[in-house]
Amino acid sequence: MGEPGAGPDNAGPDNAGPDEQTADSNEAWFARARKVIPGGVDSPVRSFKSVGGTPYTVVRGEGPYVWDVEGRRYIDMVQSYGAVLLGHAHPVVSEAIDSAARKGTTFGAPTEGEVRLAEKICREVTGCEQVRLVSSGTEAAMSAIRVARGYTGRDRVVKFDGCYHGHCDALLAGGGSGVAALGLPGSAGVPASAVADTIVAPYNVVPEIDDQVACVIVEVVAANMGVVAPAGGFIEGLRRACDEAGALLIFDEVITGFRLGAGGATALSGVSPDLWCFGKVIGGGLPVGAFGGRREVLGVLAPDGPVYQAGTLSGNPLATAAGLAVLETVGPADYEALAARAARFAGGLGEALSAAGLTAQVPVVGPLVGLFFSPHAVTDHAMARTSVANGMYARFFGAMLERGVALAPGPYEAMFPGMAHSDDVLDAVVEIAADAARAISSGVTVSR
Ligand SMILES: *Cc1c(COP(=O)(O)O)cnc(C)c1O
């Protein structure tokens with residue numbers, strides 16, 4: 001990454017106009033991006049479509065901070081939507097990647113790193129006996145569903161409204177995250193036949209499961225419709241209903257895995273599913289996903305069984321090195337301390353908003369912090385949608401960004417305080433939120 005138009009490599013005709021070649025601004029970079037990247041972003045959740053304004057173009061990050069092309073520093077609550085746990089550019093991770101890169105980046109043969117990462121996951125997650133590594137959370141969920149269908153010989157998949165499991169066709173119904181932020185019921189380009197066997201049920205209610213259902217997939221702690229905790233008995237009820245119907249239970253722990261603690265949401269719920277999906281934290285900021293399960297279930301996978309699944313870069317040495325570096329750096333005490341900081345932060349944020357006269361809920365589960373501008377606690381997607389309808393999130397987002405705090409530019413995302421967010425940093429966020437909230441209340445949204 002260089003500066004726009006700087007240096008002889010960029011001389012001559014390209015996509016940037018003469019003005020953009022000299023202007024080092026977010027506007028110029030985004031204009032340039034829009035010419036060659038649809039919507040200017042490589043993932044729609046990064047666009048500012050639902051909040052308004054121009055995205056900041058990041059040049060670097062360190063710990064809890066990111067800097068944009070204009071040299072502005074933000075306290076970053078996005079942390080790559082939960083892929084980053086130790087903070088940006090943590091030396092342990094950078095060194096692990098650097099050292100792995102010097103030995104070669106990919107081989108198409110087994111490596112030590114993938115074995116070590118798989119061992120680590122199986123050691124920490126109760127009931128997970130094997131994992132296969134892939135390159136994204138989407139691939140993990142897609143593959144877990146294929147395994148469930150192959151294992152049971154059934155086609156139907158039950159998912160919950162507002163839960164997001166990546167963008168594979170069969171799971172793009174009733175999705176949270178960017179699908180919800182853009183107000184899409186699902187996605188164009190997905191044939192009706194691809195979702196014909198997908199049943200979408202309301203979160204926090206145990207649905208009827210019959211003998212045509214291959215699997216039930218769930219975010220144990222929902223973190224893509226804001227943060228919504230599972231109601232008491234919900235997860236246990238799913239386990240029971242699946243057992244009675246002979247269906248498999250899948251925990252999508254792409255966000256919660258190694259973020260709530262090493263045991264993830266599995267440890268929190270005390271329930272073990274038949275299959276797991278992992279991603280985000282386990283890649284240490286590089287592209288990784290994994291799906292795991294009981295040995296007997298994963299036995300259907302090729303080469304031993306008839307369910308095909310593959311990947312040229314699966315178990316990539318750089319990604320496994322980065323992931324392992326993270327998982328080996330954090331221990332139980334770190335997770336406990338993080339959850340305590342997150343709880344203190346959530347309390348402070350809730351007080352600051354209400355002191356300024358804004359009605360808000362700040363749910364917190366372990367280190368996951370949500371924000372709904374709602375008078376009621378939110379327990380499902382319908383309530384989350386209602387709370388978002390007042391447009392308050394967009395105003396708050398803009399007022400925070402202006403004051404140097406980067407929240408996700410969508411109302412259904414969690415905040416991700418991580419190991420680098422000290423109490424001091426989080427207190428600064430609360431103070432800025434108080435100022436932003438007062439400005440919104442008094443109708444003045446521009447600071448100073
Ligand atoms: C992010 C996410 C995914 C998709 O992972 P990608 O790496 O973006 O493909 C799946 N499930 C959950 C719960 C997620 O939060």
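Q: What lies across strand E2, E3 and E13, and at what angle to E3 does it run?
A: Helix H16 (residues 423–441) lies across strand E2 (65–68), E3 and E13, at about 105° to E3. Helices (H or I, at least four residues) and strands (E, at least two) are DSSP runs, numbered from the N terminus. The angle is taken between N-to-C directions on a scale from 0 to 180 degrees, with axes as lines fitted to C-alpha atoms, for helices over the stretch in contact. Contact means heavy atoms within 4.5 Å. The model is predicted: local features need pLDDT of at least 70, side-chain atom pairs count only at pLDDT 80 or more, and totals for chains, interfaces and linings use all residues. Residues are numbered from 1 along each chain as its sequence is written, and side-chain values use heavy atoms, with hydrogens and water left out.

Q: Why are E3 and E13 called paired?
A: Two strands pair if DSSP finds at least two bridges between them. Strand E3 (residues 73–76) and E13 have 2 bridges, in the parallel sense, so they count as paired. The open sheet has 4 strands in the order E1-E2-E3-E13, with mixed pairing.

Q: What makes E1 and E13 edge strands?
A: Strand E1 (58–62) and strand E13 (405–406) each pair on one side only.

Q: Why is one side of E4 and of E6 left without a neighbour in the sheet?
A: The sheet is open, with 7 strands in the order E4-E10-E9-E8-E7-E5-E6 and mixed pairing. Strand E4 (130–134) and strand E6 (198–201) stand at its edges with a single partner strand each, so one side of each has no neighbour. On average, neighbouring strands are turned by 20° against each other, direction ignored. E6 runs parallel to strand E5 (residues 156–160), joined by 4 bridges; Lys159 stands opposite Val200 in E6.

Q: Which strands does H5 touch where it packs on the sheet?
A: H5 touches E4 and strand E9 (275–278), and its direction makes about 130° with that of E4.

Q: What is the handedness of the crossing of H5 and H12?
A: The axes of helix H5 (residues 112–124) and helix H12 (residues 317–329) come within 9 Å and cross at roughly 35°. A crossing is left-handed if the near helix is turned anticlockwise from the far one by less than a right angle, and right-handed if clockwise. This crossing is left-handed. Gly113, Glu114, Arg116, Leu117 and Lys120 of H5 meet Thr320, Gly323, Leu324 and Leu327 of H12. These divide into 3 nonpolar, 3 polar and 3 charged. Ala, Val, Leu, Ile, Met, Phe, Trp, Tyr, Cys and Pro count as nonpolar, Asp, Glu, Lys and Arg as charged, and the others, Gly among them, as polar.

Q: What makes a space a cavity or a pocket?
A: On a 1 Å grid over the protein atoms alone, a cavity is a set of points where a 1.4 Å probe fits but cannot get out; a pocket is an open set with protein on both sides within 12 Å along at least five of seven lines. Lining residues have an atom within 4 Å of a point. Points are joined across faces, edges and corners, and a volume is the space filled by probe spheres set on them. The largest cavity holds about 80 Å³, and its lining includes Pro44, Tyr81 and Glu413. The second largest pocket holds about 730 Å³.

Q: Which element gives the most to the lining of the second largest pocket?
A: E4 does, with 4 residues.
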